[in-house]
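Please read the numbered points alongside the sequence and the model.

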Amino acid sequence: MLHGVLDPQPGRLAFALFDGGSMLFKAYEEMHPRDASQVPQFVASRLAQHQLKLQDVTRWTFGAGPGSFTFLRVVAALGAGWAVGNRDIRFRCIPGALALAAVLAPAEGEKLGVLYDGRNKELLCFGVEKINGILRPTGEELILNTPAAREFFSADRRRLCAFAADEAVLSRVLDNSAVFQTVEPDLAALAMLPDEFDNNADKMCYIRPAVTA
């Protein structure tokens, strides 16, 4: 059974295809929220390079952020449309932050922080912990301005990771109050999670709500 992973990331979309536990390919496309209409073409073209069609992939995992409202919603809505058009297709939405945390290989019970550029001289910290051998969100979705971030991480010494694309901004915000590691997300970690393919496109993690007062 073929299983595709689509993960919206800062400035790009990642696509990996798995057959059981084996990765068949991984591809990236530079993409921003305004370019999200290109997602179907990107997926179709990468599959075609391997003599595959969309209907050959019946399981999908979509990275659910944190990230851009538009980017995350377009990818999830695309999957929902595929599922409506083909009853054999099942999908699920899982925080892409887990793919970054997996690279740090946390110990059982260890809590990590995945950092993102929150814009406006702020950062977002998404908490992840390992429970019974499985990475799970802690429920922490912290938006911290510069003074708050420096104070928080001076006291909270958990290990931290982030995308390389966010390194410069995060370094300016933290200014040596905390050390974080830049990592390349482990898309296999998302693919191998035991979560149900529930066809629920609403499990999203946004840096900002769609509308603010």
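How many helices and strands does the protein chain have?

1. The protein chain has six helices and 10 strands. Both are DSSP runs numbered from the N terminus, with helices (H or I) of at least four residues and strands (E) of at least two.

2. This is a predicted model, in which local features need pLDDT of at least 70 and side-chain atom pairs count only at pLDDT 80 or more, while totals for chains, interfaces and linings use all residues. Residues are numbered from 1 along each chain as its sequence is written, and side-chain values use heavy atoms, with hydrogens and water left out.

3. As to overall dimensions, the C-alpha trace spans about 50 × 40 × 30 Å along its principal axes. The radius of gyration of the protein chain is 17 Å, which agrees with the value near 17 Å for a compact globule, because that is what 213 residues would give. This radius is taken over C-alpha atoms, and the globule rule is 2.2 Å times the number of residues to the power 0.38.

4. Of the 213 residues, 48% count as buried. Buried means under 20% relative accessible area, exposed over 50%, and partly exposed in between (1.4 Å probe, protein chains only).

5. Contacts (heavy atoms within 4.5 Å) also deserve attention. Among those between residues at least 6 apart in sequence, 61% join residues at least 24 apart.

6. Strand β7 (residues 122-131) is mostly covered, with eight of its 10 residues buried. Which strands are joined to β7 by bridges? Strand β6 (residues 111-119) runs antiparallel to β7 and is joined to it by eight bridges, and strand β8 (residues 134-145) is likewise antiparallel to β7, with nine bridges. Two strands pair if DSSP finds at least two bridges between them.

7. Both of these pairings are hairpins with two residues between the strands. In the turn between β6 and β7, Asn 120 has a positive phi of about 55 degrees; in the turn between β7 and β8, Asn 132 has a positive phi of about 50 degrees. Individual bridge partners include Tyr 116 with Leu 124 in β7, and Lys 130 with Leu 135 in β8.

8. Strand β6 pairs with strand β9 (residues 159-162) in the parallel sense over four bridges, where Leu 112 stands opposite Arg 159. Strand β9 in turn runs parallel to strand β10 (residues 181-182), joined by two bridges, and Cys 161 stands opposite Gln 181 in β10.
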